[in-house]
Amino acid sequence: MTASDLQGADQGFRIGQLINDTRYRSITFQVITLILLVLGIGYLISNLLANLADLGQDLSYDFLAAPSGYDINQQPIPYDSQSTHLRATIVGALNTLIVAFLACVTATVLGVIAGVLRLSKNWIISKLMAVYVEAFRNIPVLIWIIIIFTVVANVFPQPRDFRGDDATASPIFGVVAATNRGVYVPRPYFTNGFGLSDEDAIAEVGDDAVAQAAAQGSVIDWLVILAVLIGSLLATRAITRWADRTQEKTGKRPTTWWMSLAAWILPITIVCWIMGLSWEIPELRGFNFQGGLLMRGSLIALWLALSIYTGAFIAENVRAGILAISKGQTEAAAALGLRPGRIMNLVILPQALRVIIPPLISQYLNITKNSSLAIAVGYMDLTATLGGITLNQTGRAIESILLLMLFYLTISLLISFFMNIYNNSVRLKER
Amino acid sequence: MNKSVFFGALAFTGLAAAGASAATLEDVQARGTLNCGVTTGVPGFAEPDADGVWQGFDVAVCRAVAAAVLGDPNAVEFVPTTGKTRFTSLASGEIDMLARNTTWTFSRDTDLKFDFTGVNYYDGQGFMVPADLGVSSATELDGATVCIQTGTTTELNLADYFRVNDMSYEPVPIETGAEAVQQFLAGACDVYTTDRSALAAQRAGFENPDDYTILPEVVSKEPLGPLVRHGDSEWFDIVKWTLYALIAAEEYGVTQENVEQLASEATDNPEVNRLLGTEGELGAMIGLNQTWAKDAIAAVGNYGEIFSTNIGEETAIGLARGLNAQYTDGGLIYAPPFR
Amino acid sequence: MSDTHAESVAFVRKTEIPPAPPPVTETGAIKWVRENLFSGPFNTIMTLLGLYVVYWLLSGVIPWILNGTWEGSSIRDCREIIGDTGGGCFAVLGERWNQLLFGFEYPSELYWRPTLAFILLFVTVPQVLFISLPRKLLILTGLYPFLAYWLIWGGSILIPFFALVGLVLGYAAFTRAERINFAAGLAAFVVAAVVAWWLGGFLTAAAPNFLALEAVDSRNMGGFMLNLILGIVCVSLSLPLGIVLALGRQSRMPLIKYVCVVFIEFVRGVPLITLLFVANVVLAYFLPPGTNFDLILRVIIMITLFASAYIAEVIRGGLAALPKGQYEAADSLGLDYAQAMRLIILPQALKISIPGIVNVAVGLFKDTTLVSIISMFDLVGMIRGPILSSTDWVGVYWELWAAACVLFFVVCYGISQYSQWLERQLQTDHR
């Protein structure tokens, strides 16, 4: 203000210039905005403090260190009712990430298939896909989640139907038990891996859970497997590059499919054999199946509903992406003698991807955000633990919801950040 | 009124600018209706019937307070609340009182800054299982899948019970009671746990109630009662003594039927006279008119009548009085003297 | 020449042979079936698979509908009537239809009011939607919100009347003061409107029963009506807010720009359900002690903020899609910022954004079902709460969810079809 006053003194500054002179107008507006903003926020905060004082409450995150007192059924990390609210929060966050990741993968697969098939010349198939897309796009996802949850609970047999000689249900192939509480699948574990010697995990969960901790295996085992798979991936890419070079030099492309296959299969088989891969088959004991890996009805409902629902949107994006490629591209590719399958793979899809990726990013964001509807079916994600039971039991509404929002905000910003980097790298360099 | 017109015009939507100030009684009287928080639906306790009229045991307490304060048992606005929203609704002043089978606990009374006005139902958490499961005691439930309604003390009690008895279980948390029952009936869980009164109430609605048994174990103390905000003692007294008036009416034999007659002139029983306002100045002492208790009893009946019409043994819910009998009959229901 | 031929050849065709009909397999339905359904082994398999899916769906749904019953007053009656024919118990829809549409607390003798408001919607909306209708009819549309408010909520007609008067006076003041500049016009608008509302407040207080309909508390709104109210109100309110945010995000003033960016990214980064939690349990802390909005208004505020961020992004896309020349042309005509935006930029940008805005609107309408999670009885809340928990209808879910699906599908599909039509109508560029 003083600066502009001084300046104004030289040039005959008038107050009216603050509005009418474009040099000052933007500064005026910003100062007004800033004042309004500060006043508004200050007003809200003063209200908050007054209300808290009235109710005799305070803002504090101390409750996160207190024992939670409730149990969570799906525990990616060891947890019991004596663990802290913070740990419950982390368990919830991991569960959110699990279901979001699973749904992103299946939604993409489903969406690409449905999007391509909707453009198929086959009338029945393209109409079926149109019905699928329209039905799921036009009905709220919450309804789909609840419907699929109801279907799981009412259509699959109860565990006790598997019992006895007159059992009305039996596990699929003797190993996969689809009950209305969830689907039990065999769980891989390593008898000879690094997991059994992981004493930290055992010590942490206490003596009761030693067997459980040991059976859960170690993260290291799975990291080894992951490393081997990444190695195989790199190897196959090297093989492809070698084949490309050979083709450029000699004009002939060497047959490489068996090399790639070997690069995928051999290392992983050897590693599994060394580490002693075994399968834990679910068995009916007591009230439930024991052992194996349980995918609960709530997880299945949420996972399926999110992927089918979002798949319908992705299908539309894929279709739009393919339609955005001009017909000349297809005709040119056909003129070069490419078969329809190769036209799609080599010419259309790579170009369509540029159009498809940006909306795909927002679909992934939507999945992550919609996974918060888990609360409707009792899947213990972050909204159900921190935003649900913890909030209820401690009464710390402001703190819990703030933390909840921060988590989703971080995830969203991270996803869009990484996808934008990718997006920039595939963008057509245009002038 | 000016304010409400202004805001209403501003937003094109309805806006009730209600005060959550300390003087709840004045607010209620100025507004002409009582805002009473109830559940989203537990048969027998609070549930809208097919015409949308709220009925039930907790609802009767709301109506009694409305009758005592406003003279009209129908001047109640029922606000359905979930386990998550009930306390914030009360704290923010959206509702004047909460009658939503809420357990009286230390931390709710102190840390959350509420006042429990008494106990209208002594409950305890129980378990329900299908009869053909062959389970006769909760101690046999090791490894069972348990359906619970989230946001209640139930899940904490459950965790404690299984932990103390060194058993494992698989919790299936469900948002609403109706959906928990649906899952239980579909066999998606072996056990359904909640307050025993609610178990009985919901079992009554099953197609074959006899196929399900409620296990004998009571794993917690659940004194349920209405509550109000901390810091408004006048309002606290009104809700508290309305509840006690209903209880005392049963003890003295004042019923919905004979209350008008007993209140028309002083009777031989001075306690009844003071209760019904034909003697003494009890009404004025809590800032209400002389017939406040008579109005409440005339509106909903005495405690025993409320119990038997909503959840008693003659109803589909079929709960016995048990702990909720008058102290004279060996129960815990006891009203301090009216004098 | 011809003579010699005539002698050496026995028969000479003098007329042209009529073209033979193509083989049966190359015409009509058969050709279509061959080309479209069985053009190759893969296509044949897909067709058969598709036919099986259609059969499977129909074989489940048709008996359910045909054998279903509309009679009976409880699930037990239904079971008796249906027996084991696999029919549905549609009687629940008959008995609870009003509850599904209006919620259980809206006075049943007043159902005609929201119904009338809904019908009037169809009278007033076409002027906006179909450009060919006379523009004068837009006045009806402008009156509609006030009329609908009066019909649905009841109370004295003076409340919506003075709200309208305030806006009209504000607009009159705006047109006067706008000659000075846009900011002055805006200020005049606010002052005139507030003064009118303030004066109107006295008059309304003086005659609270003038032409009063029986007032209905907004707490008593429910069922599909609540979804429609929330959807329509929030979309209409979020449009202007979204435009302001989009313009703010494009602003050259850094402060305004960053305020808008932070707001938009924050709202887009968190799930709607957390915002509803805020409306439900946290917002009260930020209001002055003693005030208390009712829940529906708090929810409207939060959903509007939520939608406006998404609409802002859509409009930003529209603004970015305009050629730079349009901005420069506006500048060269000497238009100031407000004029350029109002007369040149926004009309074009909004036209480009219509499909996106409709997508947001449909998504938002579907998301209104989330209010069932914070104990409001919209359509989904009615089904999950009072209807499913009533002892008469315990276990009737397929019929209720099917009804919910149909209601949402009809509305959403209708809107999206309309937007495609509108897009074609507004297409002024010749491609």
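In chain B, helix 1 (residues 2-11) has the lowest confidence, with a mean of 40, whereas helix 3 (residues 57-70) has the highest, at 92. The confidence here is pLDDT, the predictor's own score for each residue, from 0 to 100. Helices (H or I, at least four residues) and strands (E, at least two) are DSSP runs numbered from the N terminus. This is a predicted model, in which local features need pLDDT of at least 70, side-chain atom pairs count only at pLDDT 80 or more, and totals for chains, interfaces and linings use all residues. Residues are numbered from 1 along each chain as its sequence is written, while chains are lettered from A and ligands numbered from 1 in the order in which they are written.

Two residues are in contact if their C-beta atoms, placed from the backbone, lie within 7 Å. Chain B averages a pLDDT of 83, and 93% of the residues score at least 70.

**Domains of chain B**

Now colour chain B by domain, using bounds that come from an automatic or database domain assignment. Domain 1 of chain B covers 21-122 + 223-329, and domain 2 covers 125-220. Taken over C-alpha atoms, the centres of domain 1 and domain 2 of chain B are separated by 29 Å. Where they meet, 18 residues of domain 1 of chain B contact 15 residues of domain 2 of chain B. On the domain 1 side of that contact in chain B there are eight nonpolar, nine polar and one charged residue. In this classification Ala, Val, Leu, Ile, Met, Phe, Trp, Tyr, Cys and Pro count as nonpolar, Asp, Glu, Lys and Arg as charged, and the others, Gly among them, as polar.

**From chain B to chain A**

Show chain A beside chain B. The contact between these chains involves 28 residues of chain A and 29 residues of chain B. On the chain A side, helix 6 (141-155) and helix 14 (382-394) are the elements that give two or more residues. Helix 14 of chain A gives the most, with six residues. By class, this side of chain A holds eleven nonpolar, 15 polar and two charged residues.

The axes are lines fitted to C-alpha atoms, for helices over the stretch in contact, and the angles run from 0 to 180 degrees between N-to-C directions. Residues to display from helix 4 of chain A include His85(A), Gly92(A) and Thr96(A), and those from helix 14 of chain A include Leu382(A), Thr385(A) and Thr390(A). This helix contact in chain A has six nonpolar, six polar and no charged residues.

Helix 4 (residues 85-118) of chain A also has the highest confidence in chain A, at 91, while helix 7 (residues 199-205) has the lowest, at a mean of 47. Select residues 197-211 of chain A next: their pLDDT is below 50, and the stretch has nine contacts beyond near neighbours in sequence.

Then highlight residues 90-117 of chain A, one of the spans that UniProt (unreviewed entry) records as "transmembrane region". UniProt positions are given in the numbering used here, feature names are shortened, and annotations may be inferred rather than shown by experiment. The span 90-117 of chain A is 100% helix and 0% strand, with its end C-alpha atoms 40 Å apart. Residues 401-422 of chain A are likewise 100% helix and 0% strand, and their end C-alpha atoms lie 32 Å apart.

**On to chain C**

Within chain C, domain 1 spans 2-60 and domain 2 spans 67-91 + 221-431. Their C-alpha centres in chain C lie 51 Å apart.

Finish at helix 5 (residues 91-102) and helix 11 (residues 223-250) of chain C, which pack at an angle of about 20° with their axes 1 Å apart. Helix 5 of chain C is therefore roughly parallel to helix 11 of chain C, a term for angles under 35 degrees, with over 145 counted as roughly antiparallel, 65 to 115 as roughly perpendicular and the rest as oblique. Gln99(C), Leu100(C), Leu101(C) and Phe102(C) of helix 5 meet Gly223(C), Phe224(C) and Met225(C) of helix 11.
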